[in-house]
Amino acid sequence: MDNNEEGNEYLNNESENAIFPKYYNYYLGIMAVSCYKSEYLLYTLQEQFLLAGGPLEWLIFGLERVDPKLKRIAELNELIAYRPWEIKKENLHFLIKEGAS
């Protein structure tokens, strides 16, 4: 495999090491962009989210319908965006806790 093929595999999220389905990554981007109110980026990420197979209800109902793992990341996302100095190890514990759902 040459470097170009490896890069394409990474971009297409076909790697066996992928943590989430590709649309999860787009939803994380949507959560981050929504903190900064960038409509262009938000619409672009929403489109990519849907094209990657993301459920429309996540966009309509927001955190009420997303996977619980993403819901827990939302609180951390807000801290990173607005108050990074307040992040404590307790805020990160759920990321490393085994069996967290």
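Trainee: What share of the contacts in the protein with a separation of 6 or more comes from residues 24 or more positions apart?
Mentor: They account for 44%. Keep in mind that this is a predicted model.

Trainee: What is the protein built from, in helices and strands?
Mentor: It has 6 helices and 0 strands. Along the sequence the pattern reads α-α-α-α-α-α.

Trainee: Where is Trp58 found, and what does Trp58 touch?
Mentor: Trp58 is in helix 4, residues 56-61. Leaving out residues up to four places away in sequence, it touches Tyr23, Tyr24, Tyr27, Phe49, Arg65, Val66, Asp67 and Leu70. Take Tyr27 as one of these. Trp58 and Tyr27 lie 31 residues apart along the chain, yet their C-alpha atoms are separated by 8.6 Å.

Trainee: Which residues touch the most other members of the largest nonpolar core?
Mentor: Tyr27, Phe49, Trp58 and Leu70, out of 16 residues in that core. Helix 2, helix 3 (39-51) and helix 5 each give two or more residues to the core. Helix 2 gives the most, with 7 residues.

Trainee: What does Leu70 contact, leaving aside its neighbours within four places in sequence?
Mentor: Leu70 is in contact with Tyr24, Tyr27, Leu28, Met31 and Trp58.

Trainee: How do you know whether helix 2 is parallel or antiparallel to helix 5?
Mentor: Start with the angle. Helix 2 (residues 22-34) and helix 5 (residues 68-82) pack at about 30°, with axes 10 Å apart. Angles under 35 degrees count as roughly parallel, so helix 2 is roughly parallel to helix 5. The crossing is right-handed.

Trainee: Which residues meet there?
Mentor: From helix 2, Tyr24, Tyr27, Leu28, Met31 and Ala32. From helix 5, Leu70, Ile73, Ala74 and Asn77. By class that is 8 nonpolar, 1 polar and no charged residues.

Trainee: How do helix 5 and helix 6 cross?
Mentor: At roughly 145°, with axes within 10 Å; helix 6 covers residues 89-96. The crossing is left-handed. Arg72, Ile73, Glu75, Leu76 and Leu79 of helix 5 make the contact with Asn91, Leu92, Phe94 and Leu95 of helix 6.

Trainee: How many charged residues are in the contact of helix 5 with helix 6?
Mentor: There are 2, next to 6 nonpolar and 1 polar. Arg and Glu count as charged, so Arg72 and Glu75 are the pair.

How values were computed: Residues numbered from 1 in each chain as written. Predicted model: local features only at pLDDT ≥ 70, side-chain atom pairs only at ≥ 80, totals over all residues. Heavy atoms only, no water. Axes fitted to C-alpha atoms, helices over the stretch in contact; angles between N-to-C directions. Helix = DSSP H or I, 4+ residues; strand = E, 2+ residues; numbered from the N terminus. Parallel < 35°, antiparallel > 145°, perpendicular 65-115°, else oblique. Left-handed = near helix turned anticlockwise from the far one by under 90°. Contact = heavy atoms within 4.5 Å. Core = buried A, V, L, I, M, F, W, Y, C linked by side-chain atoms within 4.5 Å. Buried < 20%, exposed > 50% of the residue type's maximum accessible area, 1.4 Å probe, protein only.
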